[in-house]
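Dear colleague,

Please find the structure below. My notes on it follow directly after.

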Amino acid sequence: MAKLKLEDIELAMKHAKNYQEYKEACQAHDHLSGAKEWQEKEACDLYDYKLIRKRVDRIRNAKEKKDAAALMFILHEGIHGNLGNIANPELNNYSKLGTKDLIEVFLDEVCSSIEFIYQADECEVDFYEKLAFFEETSHAFGQSCLMLSGGAGLGFFHAGVIKTLTEHNLLPNVVSGASAGSIMAALIATRTDSELLESLTPESIHEKFQRWGVWKGLFSDSFLDSTNLENALIELFDLTTFEEAFEKTGRHITITASPADLHQYSRLLNARTSPNALITQAVRASCAIPYMFTPVQLKAKNSLGDIVPYIPGRKFADGSVMADMPFHRLARLYGVNHSIVSQTNPLAVPFLSRNKQHSNGLFAMTYRHFAKMAKTNTVYACDVVESMVSGKTAKLGIHKVRSIIDQQYVGDVNIMPARGFKNLLHLLNNPTIESISSLISIAERETWTQLDLIERSTRISKSFHRYLHLLREEEKQRVKYEQKLRLKSG
């Protein structure tokens with residue numbers, strides 16, 4: 001009877017009309033399956049529950065004494081996202097929502113401590129000491145990023161992921177986009193949350209991209225005419241630079257583009273590395289699928305506001321070829337140490353597992369070992385062949401293939417469409433309102449299954465970011481006030 005009830009609940013989860021219905025079905029499943037009892041039991045071999053319990057008790061003791069300095073010391077001495085192995089992926093295998101109650105309590109206590117320190121009176125904690133604490137500890141803790149892969153027409157799947165994260169206030173402040181993902185990343189860069197949700201409707205997307213690909217012919221410089229795509233990008237992003245977009249939204253958006261020649265590395269275009277580059281041209285370059293669209297010259301705004309070539313003499317193409325998921329460089333630029341990946345790359349999706357379970361069994365470990373060996377050997381073979389051929393075009397082709405094979409396509413949290421022949425139909429076909437609606441709906445449902453994990457994984461970093469932003473704003477006001485005092489006294 002219990003099995004039948006669980007099956008009924010799973011059916012309700014599958015056919016939920018919105019996240020609230022899905023969440024309620026998950027909660028019912030956890031009660032019936034015994035997952036709630038597992039959550040309530042602190043002891044578990046999957047994490048150091050004794051360490052976490054001691055840390056919770058220390059934090060509570062400091063708060064009871066209203067000792068902000070002690071709380072700062074506790075958080076400073078080693079707070080991080082996987083303290084005591086609380087981010088162990090196997091902890092996510094026992095319930096549909098949530099994890100061990102002790103871990104939830106720990107996260108809540110840390111966030112309430114962050115707020116307590118922020119609210120502390122200046123006679124207890126000097127303002128600039130407080131600001132330094134938040135800057136140092138926030139940087140040490142790190143932050144999450146959203147990475148949007150390439151995927152041609154299948155990239156409209158990203159719209160559903162972004163929509164769901166935005167509606168639940170879980171959209172990371174750092175976002176990267178490659179190829180089709182660069183369009184969605186640029187929308188995030190240039191729009192507030194309310195404007196973004198308006199831009200992510202099927203009707204709005206269809207209006208701009210209903211004829212993004214127009215066939216030119218086999219003997220042209222590219223198979224597809226990019227005119228309609230370029231017009232859509234100009235209408236969406238005009239002459240906005242990365243710096244101007246950041247000033248509007250405060251979001252750190254990166255668009256990747258690959259060089260169209262040898263001896264060059266992929267470029268990460270954002271407000272730090274290329275503040276004056278135009279977003280429109282960056283997106284156009286990142287969308288230049290080899291042979292489908294011609295590579296393009298990047299452009300920028302100079303100090304006079306004139307549009308000039310950016311990196312003269314170089315052309316750039318599809319960002320997903322060499323930097324679909326630029327994990328390491330985002331870590332250096334923004335302190336990213338946790339990634340949420342929306343993955344639609346047709347070269348990767350068919351080979352990635354949908355199974356959320358993390359297995360340490362002998363077969364699973366053997367499979368992972370041989371998969372790594374096969375990847376290493378293939379990369380080595382590409383290097384050997386590239387060194388042996390003499391033609392520039394052949395070398396470039398082999399180099400691109402090597403880059404595709406050598407990349408990492410998954411992150412800490414992965415959201416992707418199910419495998420199927422229907423995905424191929426989306427790739428190069430011009431979209432309809434129905435096909436866009438379908439992709440968005442599929443993406444929303446896939447994101448629902450990860451929302452609880454994303455919220456838990458980003459809870460502390462978002463708390464740090466919120467109060468650090470408030471402190472920096474207060475610092476600006478203090479500086480202005482001090483300047484006024486100096487002017488009066490002068």
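In these notes, a residue is called buried under 20% relative accessible area, exposed over 50% and partly exposed in between, using a 1.4 Å probe and protein chains only. The model is predicted, so local features need pLDDT of at least 70 and side-chain atom pairs count only at pLDDT 80 or more, while totals for chains, interfaces and linings use all residues. Residues are numbered from 1 along each chain as its sequence is written, and side-chain values use heavy atoms, with hydrogens and water left out.

Backbone: most residues other than glycine have a negative phi. K66, although not a glycine, has a positive phi of about 55°. K66 is exposed, with a relative accessible area of 59%, and lies in the loop between α4 (49-64) and α5 (68-76). Helices (H or I, at least four residues) and strands (E, at least two) are DSSP runs numbered from the N terminus. I311, also not a glycine, has a positive phi of about 60°. The loop between β8 (307-310) and β9 (316-317) holds I311, which is partly exposed at 22% relative accessibility.

Helix packing: α6 (residues 101-119) and α20 (residues 433-489) pack at about 5°, with axes 10 Å apart. Axes are lines fitted to C-alpha atoms, for helices over the stretch in contact, and angles run from 0 to 180 degrees between N-to-C directions. The two helices, α6 and α20, are therefore roughly parallel, a term for angles under 35 degrees.

Kind regards

Definitions and conventions. Parallel < 35°, antiparallel > 145°, perpendicular 65-115°, else oblique.
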